[in-house]
Amino acid sequence: VEEVLAAAEEQEAEKRRSITVEKELELEFDLGNLLALDRNPPAAAGLRGAGPQREALLRALARDNTQLLVARLWGLPAERAGGAGGPLVAQLPEPTFTLPREKRPPRPRPPTRWEQFARLKGIRKRKKTSLVWDEQAKEWRRRWGYRRAGGDPARAWLAEVPEGADPNEDQFARLRREKRERVARNEFNRLRNLARAHRAGTAGPAAPLHPTGHQSREELGHVARVARVSTASLGRFQPRLPKEPAEPPSRSGGRKRRFEPLLGNLAAERSRQLELLRDMGSKKPVLDITRAVNKQLRQEEAEAAAAKGKKQSKRGKRGRRQQRVGRSSKKSGG
Amino acid sequence: MEALDRVVKPKTKRAKRFLEKREPKLKENTKNAMLIKGGNANITVTEVLKDIYAVKKPFAVLYRKKNITRPFEDQTSLEFFSKKSDCSLFLFGSHNKKRPNNLVIGRMFDYHVLDMIELGVEKFVSLKDVKNSKCPEGTKPMLIFAGDMFEVNEEYRRLKSLLIDFFRGPTVPSIRLAGLECVLHFTAVEGKIYMRSYKVLLKKSGCKIPRIELEEMGPSLDLVMRRTHLASDDLYKLSLKQPKALKPKKKKNISHDVFGTTYGRIHMQKQDLSKLQTRKMKGLKKRPAEKAAEDGGVSPKKSKSA
């Protein structure tokens with residue numbers, strides 16, 4: 001009897017210590033997120049009844065799943081952090097379960113006006129040394145800042161009058177004023193670059209509409225053009241300002257708005273009328289369906305190929321020269 | 001409005017750091033959650049929000065006042081809150097006769113609502129009611145999802161993704177094995193979702209891997225899914241897109257076999273095969289007589305020309 005009891009006790013202890021779990025379907029693990037997904041359908045019958053039975057079942061299920069997950073985690077490469085006595089730390093892999101991002105991926109900053117110009121001209125940055133030899137002080141000084149190489153500008157006691165300058169002008173005041181102007185201009189350009197980058201980043205509407213008083217020059221021109229054309233005769237008889245150029249005829253609509261003069265080319269008119277009669281009388285349809293379909297298919301294939309090629313070449317091309325938007329020619333004369 | 005158009009220029013370093021933390025980055029910050037009470041939130045719902053806040057600290061904000069909004073009708077106020085507090089996850093609690101103990105769990109993309117799922121709380125056991133010891137604040141919980149519904153049903157799949165996003169915590173490169181204390185277990189069965197949190201006790205076992213014993217702790221919820229507002233497929237795909245810079249760089253000239261063998265490729269320059277250093281075979285060595293014959297063959301030509 002004692003043997004049987006001892007055997008039963010040992011079995012009980014063994015069960016308590018066992019770490020193996022039996023599952024129908026293997027779990028899916030994402031150790032980077034400490035995640036385990038169990039696809040086995042849970043025992044619905046047991047979970048229906050409310051109360052402690054359900055809790056016990058849920059807890060058993062959770063225990064099994066956690067055991068499997070911890071077993072996996074313990075299988076990761078681990079080391080002792082902070083020397084021999086430190087805690088055991090496991091290296092987690094990258095999370096595999098893709099979760100949506102919080103914000104859009106950042107766009108690269110658009111180049112500033114100087115950067116565009118430099119790229120166009122091929123000007124490259126030169127690495128400057130941080131210290132400059134100051135002849136007067138006979139030591140290495142900073143290029144700019146506290147105790148700079150050129151001497152303290154506030155202590156400059158001599159200001160030469162340049163040739164052709166007004167002898168009564170205060171040179172010190174002039175120098176101070178010019179410095180102030182330079183600083184203001186730099187700050188203005190910096191903010192303009194920032195605003196341009198911000199605008200490019202948010203990708204606002206193609207033609208942003210600002211309230212009157214805060215419109216830019218282009219916007220005013222565009223708005224004036226639209227206002228001119230929104231008359232019954234599409235702006236043909238609107239009075240113009242004294243120096244405004246006349247409307248070029250090419251801007252007056254597309255193909256359907258172009259009208260030939262009444263008594264022009266008689267031969268051309270005759271040929272056109274005969275062609276029209278011929279097309280009306282012929283049995284063959286003017287539009288060849290098969291040719292049109294083939295043309296369309298070829299065009300689509302060419303577009304797809306171009307898009308693929310553009311994607312590949314876009315990655316390879318660096319320092320692509322940006323086109324300067326032509327200001328005057330295309331948009332004016334509205 | 002021009003005030004929103006204008007770029008806010010930070011005047012202090014602190015303001016600059018604040019703005020930099022909020023701008024889009026390659027590797028993003030941990031998502032923050034905002035816990036909002038609706039106009040008619042009752043005690044149960046408030047307790048749920050407080051408990052989830054305790055689990056999600058410090059990556060959560062609990063709004064103390066009631067906000068009279070309806071997430072499913074009008075999302076502008078949610079988006080405004082998200083922009084103000086830079087939170088991309090939210091949990092909105094409300095209660096009315098038609099939808100008792102209502103929780104709307106959702107996430108944002110680019111400060112616009114991406115997904116929203118409405119869940120009803122049928123049974124709730126709070127942190128205070130369970131008298132066991134709790135996990136310290138800020139532990140990364142282990143997440144386990146049981147039930148085939150989470151794979152089969154599209155709405156349940158989105159819910160799973162939302163819950164992982166919500167409870168994930170910061171992404172860490174390594175973790176202390178003894179510190180794996182908290183596990184959140186979600187079971188989907190018969191249209192209900194049971195969420196239970198347990199404290200993990202590591203017991204000795206025969207081998208290196210410890211035996212797990214679980215102790216009930218923390219909030220436990222019985223949820224039922226009500227309405228959903230899921231993002232369209234292309235918006236969801238857009239939000240999943242990772243920037244290319246994050247992709248691990250592919251090492252060139254290394255290829256792997258099906259069997260796990262790694263192959264490498266070496267590119268050599270052109271070799272002059274006549275000058276190759278081969279094994280010396282003594283028998284094939286040129287005897288002096290042969291060498292003289294070769295030279296002799298060359299010289300008569302020379303003498304002729306001379």
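The model is predicted, so local features need pLDDT of at least 70 and side-chain atom pairs count only at pLDDT 80 or more, while totals for chains, interfaces and linings use all residues. Residues are numbered from 1 along each chain as its sequence is written, chains are lettered from A and ligands numbered from 1 in the order in which they are written, and side-chain values use heavy atoms, with hydrogens and water left out.

**View 1. A salt bridge links A:Glu55 and B:Arg196.** The closest N and O atoms are 3.0 Å apart. A:Glu55 lies in helix H3 (residues 52-74) of chain A and B:Arg196 in strand E9 (residues 192-203) of chain B, so the pair joins two chains. Helices (H or I, at least four residues) and strands (E, at least two) are DSSP runs, numbered from the N terminus. Side chains of opposite charge can pair when their charged atoms come close.

**View 2. Chain B meets chain A across an interface.** Here 77 residues of chain B are in contact with 60 residues of chain A (heavy atoms within 4.5 Å). The buried area is about 6200 Å², and carbon and sulfur atoms give 61% of it. Buried area is the accessible area (1.4 Å probe) that two parts lose on being put together, summed over both.

**View 3. B:Glu28 and A:Arg101 form a salt bridge.** The N to O distance is 3.5 Å. Between chain B and chain A the count is 6 salt bridges. On the side of chain B that touches chain A, there are 35 nonpolar, 13 polar and 29 charged residues. Ala, Val, Leu, Ile, Met, Phe, Trp, Tyr, Cys and Pro count as nonpolar, Asp, Glu, Lys and Arg as charged, and the others, Gly among them, as polar.

**View 4. An open sheet of 3 strands runs in the order E3(A)-E4(A)-E7(B).** The pairing is antiparallel. Strand E3 (78-80) of chain A and E7 of chain B stand at the edges, each with a single partner strand, so one side of each is left without a neighbour in the sheet. Strands pair if DSSP finds at least two bridges between them. E4 (residues 88-91) of chain A joins E7 (residues 174-176) of chain B by 3 bridges. There, A:Gln91 has B:Ser174 as its bridge partner. E3(A) and E4(A) also pair over 3 bridges. A:Arg80 is partnered by A:Leu88.

**View 5. The peptide bond from B:Lys57 to B:Pro58 is cis.** Omega is near -5°. B:Pro58 sits in the loop between helix H3 (43-56) and strand E2 (60-67) of chain B.

Note on methods: A salt bridge is a side-chain nitrogen of Lys or Arg within 4 Å of a carboxyl oxygen of Asp or Glu.
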